[in-house]
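Visitor: Before we start, please show me the sequence and the structure. I will then ask how the terms are applied.

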Amino acid sequence: MAQKQCMEAEKYPSKVIKFPQKGKVERCKVIAVTSGKGGVGKTNVVVNLALALIELGKRVMILDADLALANIDVLLGLVPKFNLQHVLTGQKKLSDILVEGPRGIKILPASSGIMEMAQLTESQKLILLNGLDGLEEEFDLLLIDTAAGVSSNVVYFNLAAEDILVIVSPEPTAITDAYALMKILFTRYQEKSFRLLVNSVHDSREADEVYRRLSLATERFLQISLDYLGYIPLDDNIPRAVKQQRAVVEAYPYSQASRSFFQIARSICQLPPAPFPKGNIQFMWQKWLECSQK
Ligand SMILES: Nc1ncnc2c1ncn2[C@@H]1O[C@H](COP(=O)(O)OP(=O)(O)OP(=O)(O)O)[C@@H](O)[C@H]1O
Ligand SMILES: [Mg+2]
């Protein structure tokens, strides 16, 4: 068996083939966390899932890709000195602008830097893609906190990621906006696969009902698959932690919300890896840059 693996490995560059190790994600998995309606809990989900995944032994990076608001640093009380703009102008290396948060979590503050991505020069694209080469080896998971809605940047990040995690709350407008987002990604960009996380519910029945309504509509009117990843209960400990600029899994690890975040983090660890190269950080950026030129 080992001999067969060695022979196989010789056929491929070592970066491409990594043989499965128990409990390890082989390549960096890229997950975009998105929503139709704003304010449904994306940033909280990204930060808390990331910290829960770190607790489970994963190496996690967050890309704060919300252009208008620097979400992650506000939530965690961090003040990044540099952003992607400094990388693109050659002042900093990508690894220099990473901000470290609780439990050593790494955050790539893109916010005010990627506004002009569609206008990047060839050399700036190269700077970015080369810089990402090193990061690829250092992380098991990249979680992207997108802005809400269907602006072009949001669409590109979703298309470039391996998994799209749609966050929805039980509010009727959040449900219709989630449907509208998936519809646009399917009809305009042929994206067929989504995962759903229902946030701010009173109980599992309410979450099941939201999933049922959305999956009925997506199956009936669109040919897309919607996988249910789980739910996070409505929990006062979340706004309480937000006020302290801490993640709820850190501030209130035994709260209902924190337990749910850990449960979902465990489910994420079980997700199958996508076939190469989808799911790789460099591939994600390459695709992002290609999409944004169209
Ligand atoms: N499960 C929950 N229970 C209670 N409050 C919650 C829950 N999830 C999120 N919130 C609250 O909802 C508010 C919005 O959350 P968050 O900022 O994560 O949303 P968002 O989708 O990232 O918003 P935006 O679209 O503006 O980026 C926060 O103040 C947070 O405290
Ligand atoms: Mg946000």
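Guide: The shell around ligand 1 has 8 nonpolar, 9 polar and 3 charged residues. This is a predicted model, in which local features need pLDDT of at least 70 and side-chain atom pairs pLDDT 80 or more, while totals for chains, interfaces and linings use all residues. Residues are numbered from 1 along each chain as written, chains are lettered from A and ligands numbered from 1 in written order.

Visitor: What makes a residue polar or charged in that shell?

Guide: Asp, Glu, Lys and Arg count as charged; Ala, Val, Leu, Ile, Met, Phe, Trp, Tyr, Cys and Pro as nonpolar; the others, Gly among them, as polar.

Visitor: How many residues surround ligand 1, and which are the closest?

Guide: There are 20, the closest being Gly38, Gly41, Lys42, Thr43 and Asn44. A residue is near a molecule if its C-beta atom, placed from the backbone, lies within 6 Å of it. Among the elements giving two or more residues to this shell is β7 (193-201). Strands are DSSP runs of E, at least two residues, numbered from the N terminus.

Visitor: Why is β7 called mostly covered?

Guide: Because a residue is buried if 20 or more other C-beta atoms, placed from the backbone, lie within 10 Å of its own, and 8 of the 9 residues of β7 are buried.

Visitor: How do you know that β7 and strand β8 (residues 225-233) pair?

Guide: Pairing requires at least two DSSP bridges between two strands. β7 and β8 have 8, in the parallel sense, so they pair. Leu196 has Tyr228 in β8 as its bridge partner.

Technical notes
Helix = DSSP H or I, 4+ residues; strand = E, 2+ residues; numbered from the N terminus. Buried ≥ 20, exposed ≤ 12 C-beta atoms within 10 Å, placed from the backbone.
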